[in-house]
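Let's take a friendly walk through this structure, from its surface to its charged pairs. Keep the model open beside you as you read.

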Amino acid sequence: MSAEPRLAEVAEPEPAQQAAPGTDQAVKETLEDYTLRFAPRSYRRWTPMVVATTALGGIAYMADFSIGAGIGLAHGTGNALLAIAVAAVVIFVTGFPLAYYGARYNIDLDLITRGSGFGYFGSVLTSVIFASFTFIFFALEGSIMAQGLKLGLGLPLWLGYLVSTLMVIPLVIYGMTALSKLQVWTTPIWLLLMVGPLVYLVATDPGTVDRFLAYAGTDGDGGINTASVLLGAGVCLSLIAQIGEQIDYLRFMPPKTEANKRSWWTAVVMAGPGWVVLGALKQAIGVFLAVYIIAEVGASAAPEPIQQFKGAFDAMMPSWLVVPLAVVLVVISQIKINVTNAYSGSLAWTNSFTRVTRRYPGRMVFVLVNLGFALALMEADMFSFLNSILGFYSNCAIAWVVTVATDIGINKYVLKLSPHAPEFRRGMLYAVNPVGVVAFVAASGLSIAMYFHALGDALQPYSPVAAAVIAFVLTPLMAVVTKGRYYLRRTDDGIAEPLLDEDGNPSAVAYECHVCRQQFERPDVAACRTHDAVVCSLCLSTDKVGDHVLPAGG
């Protein structure tokens, strides 16, 4: 669109309208992260495949091998594989609408959540849950790396935890530009080191496959058991929040056009919900390697990825090369995922803090906060009670993701009670929308009660199922009961220029925020309440007295 914006003239801010505390910091800090805002077209210069490769690089974590091994050792191969498959289907189905919205409208999962049933402040709940996901998995990956450093270099675990935490800080500072280069260049090496040992073992010793398929587990008899499958699926479903980290990259997708629509869709599906295909394969490989290690070394080392790959490398190469290669694989994997965990966690914490306090302290503050939480978990030896942490956490994550996915898929497209285009700006949304908040609180609360045996031992394995079903049913039910009235506080943001261009992509028309004097594209601004000018979404968030926030009802 080439039309001139209606609010073209920018007034000088009067004393009462000077930038709120935190705005100067927001201006000084690099804008490339677009921490709390829409990612503009002028910045999104990567091709769909580069964005997809960068996003997929973030799932190089070793936790899948531990998760798969833990489920397999407890419940047997058959139950483990079914659990992995069930979880993968749920994650793919719920992740698809979220990935599409993130890529199409260039916003992260928190901004999607705000307008998809939770409201401006209601989504603070889910931001904290997502931030928790990032530091839990950072701690898990850091623990795995520390095990590798202990095996390869003899570092004590406490020092390995510290090294694995501190080494990611320089890589996280520079946001998407540095992360895209890191992920693209390290992915081929990682794939070769991960797949090579598996192919070698299967090709040279077919008996490993027979032992793998026949393994009964410590708690099973080799048969398929519904409770075992659901307990295992609950652990795998703790990874459902990974879609948030995928969207942190997918929001930098270029506009979808007729010319690029095939590569655009391929990238979105592959790097969005498609991450779980590789994740499920890694979990199955974890079961395979654990069974192999039990036969070769013993059960005590089987859940540790460093020991799994050390055992696999032992079978195919000289002994002097085994430990160095295993350590290299673990270190590369840990760096690839933990820069993403630190990056995404800092975005989630910053989002929550800025909305609650109306102050923007800078993303790097929360990089350090997230790393502090992760380091505390590592020093508390979270690896030894991994499945318990993940089983509990999965109930909250499932309730959140299923609620948002249902709001997009059902409330927006079927019932048409939720606005089709996402909204995230302060003033445009109600503080709390009961549709998502009630569905999420009910689903997570009841499923957590089930997980802790409050409703009886027989129902305990079904807690993840309850979280998904309750969220799926209550989200459209609440939209019908409330008639969709709590989604939008206003329908008009005071700017004549359409939000979307003729192709349905967010408009690239630029405006200058009259508070911070920076240029922002159309979806990231709204008219000012007190001036004939526009204000960007971050300055709206940090406006302590509400001078710039439009009144309700427009």
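Helix α20, which spans residues 463-482, supplies the largest share of the nonpolar patch, with 4 residues. Do keep in mind that this is a predicted model. The patch covers about 660 Å² of surface and is built from Leu446, Leu455, Leu459, Tyr462, Val465, Val469, Phe472 and Val473.

## Salt bridges across the sequence

Now to the charged side chains. Side chains of opposite charge can pair when their charged atoms come close. How many salt bridges does the structure hold? The count is 12.

One of them joins the side chains of aspartate 524 and arginine 37, with an N to O distance of 2.7 Å. Aspartate 524 sits in the loop between β2 (519-521) and β3 (525-527), while arginine 37 sits in the loop between α1 (23-28) and α2 (48-57), so this pair ties together parts that are 487 residues apart in sequence. Are these two partners buried or exposed? Aspartate 524 counts as buried because its relative accessibility is 2%, and arginine 37 counts as buried because its value is 5%. Both fall under the 20% cut-off for buried residues.

## A link between two helices

Another salt bridge brings together the side chains of arginine 355 and aspartate 110, at 3.0 Å from N to O. This pair, too, links distant parts of the chain: arginine 355 belongs to helix α16 (residues 319-357) and aspartate 110 to helix α5 (residues 109-118), and the two are 245 residues apart. Arginine 355 and aspartate 110 are both buried.

## A partly exposed pair and a network

Which residue does aspartate 205 pair with in a salt bridge? The partner is arginine 211, and the closest N and O atoms are 3.7 Å apart. Aspartate 205 has a relative accessibility of 30%, so it counts as partly exposed. Arginine 211 has a value of 33% and therefore also counts as partly exposed.

Finally, have a look at Glu423, Arg425, Asp493 and Arg522, which are linked in a network of salt bridges.

Terms used
Residues numbered from 1 in each chain as written. Predicted model: local features only at pLDDT ≥ 70, side-chain atom pairs only at ≥ 80, totals over all residues. Heavy atoms only, no water. Patch = residues over 30% accessible without salt bridge, like charges linked within 9 Å, V, L, I, M, F, W, Y side chains within 5 Å. Areas by Shrake-Rupley, 256 points an atom, 1.4 Å probe, with all protein chains shown as cover. Salt bridge = Lys/Arg side-chain N within 4 Å of Asp/Glu carboxyl O. Buried < 20%, exposed > 50% of the residue type's maximum accessible area, 1.4 Å probe, protein only.
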